[in-house]
Structure formats: C-alpha cells, structure tokens
Amino acid sequence: MIQVDPALTDDEFLRLFEKGVGAQWGSDQIDWGLVENISPAQKSALGHVITPVFLGEQTAMLGVSAVLPMVLTGGYPEAALYLASMGLDEARHFRNLSHLYRALGVEPLASRRLPEMWRYHARLMQKHDPIQWVFGILISDLFAKNFYGGFAERFPDTVVGRLSRRTLQDEARHQAFSDRYLNRMLPTMDPAGKAELLVLRDDLFRIMEKLGSRLRGPMETLEWSPEAFIEELWNDTEKWVKRLGLVESPQTSSIS
Ligand SMILES: [Fe+2]
Ligand SMILES: [Fe+2]
C-alpha cells in the first residue's frame, strides 16, 4: 500500500535520489560531431558491438518500470524515488545511443544475427520478485559498465569516448543503489531464493558467452577479445556476489 505522506526517513536512498536529480544531463551536452578519428571499419564494428547495449538500455527501462511499483507498494518510498531517477537515466542512455548511430552513420546489427540478445532480455523479464529484479539489473549494469569502459578506453577523444564516460557516471549510481538495496533485502531472503539468484547469474552469463562469440569479428576490429570481456565481467560480478554474501568461499565459474 502507498501512503499519502510517508515519513521519508531513509537517508541513504534519499541521498542517492538527490544525487540522481542533480546529475541529470541532456544530449545537448555531447559534441556529436567528434567522429573524425574513427575509421569507417571501426564505425561499422561499433554499430554491431553497441547493438546489445542499445537493446539493454531499453531492457533497463523496462526493468526499472517493473520493479518501481513493487518497491513503492512494498513500503520503500525512498528507494522508489531513486528508481524514478534511474528510469530517466536509462531513457537518456537509450536516446543517446539512437543519436550515436545517426552520428556514426551506421546501423545496429540485424536482430536475427544476434538472437542471444533477445534471450538475455527474455531471461531478465521472467523475474517477478523485486530482489531478483534488482540483482538482474545489477548484472546488466555491470555488463553496460564493461562495454562503456571499453569504448571510453579505445576512443577517448571522440563522441564515443565522451558519451561513454558520461554514461559511466550514471551507471556508478545505479550500482550504488543495487548495493544498498540488496544489502538491505538479502538477509530477508531464504537460501532457495539466494540460490535462484546464482542460477539467474549463470543463465545470463551462458547467454553472454554466446553473444560474445557472435560479436567476435567486430570486437576484434576494435582490438577486443570476447573472452577477455566475459572474463572481466565475470570477475566483476564475482566481487559483488561475494560482497553481498551470496557465496561464502572463492568460487570458480560454473559456466562452460
Ligand atoms: Fe544504462
Ligand atoms: Fe544502468
């Protein structure tokens, strides 16, 4: 149930919300003309590699919209306030990537050539519990972080690098939210629920491995190996999984 005038006392989420409000920015803050240092082959490769990220930003919008009502009606209005600002961030990322395709003059990869990106989307959308949602959103934020980080490193003085760096600042706030929310809620979850989170992680990674192998050609054009990308993402995710207490001891990848 929602209340007309809830107390709004949870400072951690309120601070994150204020930060999210203060850090809003628009596409007019990006110089979309900075494309001259990107070769035609790199532009085309970028168009392909960014494709799952482009869909992922829309998946993130859907994820935030699905979890917000659960959190608000569940009695956490401060967290719901924050999620509303996060929804705007994801909408901006989606809009910006649409701009970026026009600026680069390239097209995303045809959907049928990347069926795993739809499988990933569908696997995330299966979730109905807010903790599962936030955990899935966290993995997707880490996926986005590693992609944008790689773009920023490879194309520092171009529109791609600048846009990626701005986007990474938003993604850092999203991770801070997941951290606080999951730390708060995981103790209320039974062992079976926690085990299901690890099943979700493994399912998503299995899909991402296939996605990576499909993108091998364009990734190699960008001097990026799908294996290195997945390994980095796995290590990043493992750090979180341990920090959140989902596994006790060092764990090796169960994907193969
Ligand atoms: Fe995003
Ligand atoms: Fe995000």
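The iron ion (ligand 2) and the iron ion (ligand 1) sit 3.5 Å apart, with Glu 90 coordinating both. Keep in mind that this is a predicted model. Here's a quick tour of the two metal sites.

**Iron ion (ligand 1)**
- Four residues hold on to the iron ion (ligand 1): Glu 57 (OE), Glu 90 (OE), His 93 (ND1) and Glu 171 (OE), at 2.0 to 2.4 Å.
- Along the sequence, the spacing of these donor residues reads E-x32-E-x2-H-x77-E.
- Glu 57 belongs to helix α3 (residues 51-73) and Glu 90 to helix α4 (residues 77-104), so this pair ties together parts that are 33 residues apart in sequence.

**Iron ion (ligand 2)**
- Here the protein donors are Glu 90 (OE), Asp 141 (OD), Glu 171 (OE) and His 174 (ND1), 2.1 to 2.3 Å from the iron ion (ligand 2).
- Their spacing in sequence is E-x50-D-x29-E-x2-H.
- Glu 171 and His 174 are three residues apart in helix α7 (residues 159-185), so about one helical turn separates them.

**Buried or exposed?**
- Glu 90, the residue that bridges the two iron ions, is buried, at 0% relative accessibility.
- Glu 57 has 3% relative accessibility, which counts as buried because the cut-off is under 20%.
- Glu 171 is buried with a relative accessible area of 1%, and His 174 is buried at 0%.

Note on methods: Residues numbered from 1 in each chain as written. Chains lettered and ligands numbered in written order. Predicted model: local features only at pLDDT ≥ 70, side-chain atom pairs only at ≥ 80, totals over all residues. Heavy atoms only, no water. Donors = N, O, S within 2.8 Å, 3.2 Å for Na, K, Ca; no water. Helix = DSSP H or I, 4+ residues; strand = E, 2+ residues; numbered from the N terminus. Buried < 20%, exposed > 50% of the residue type's maximum accessible area, 1.4 Å probe, protein only.
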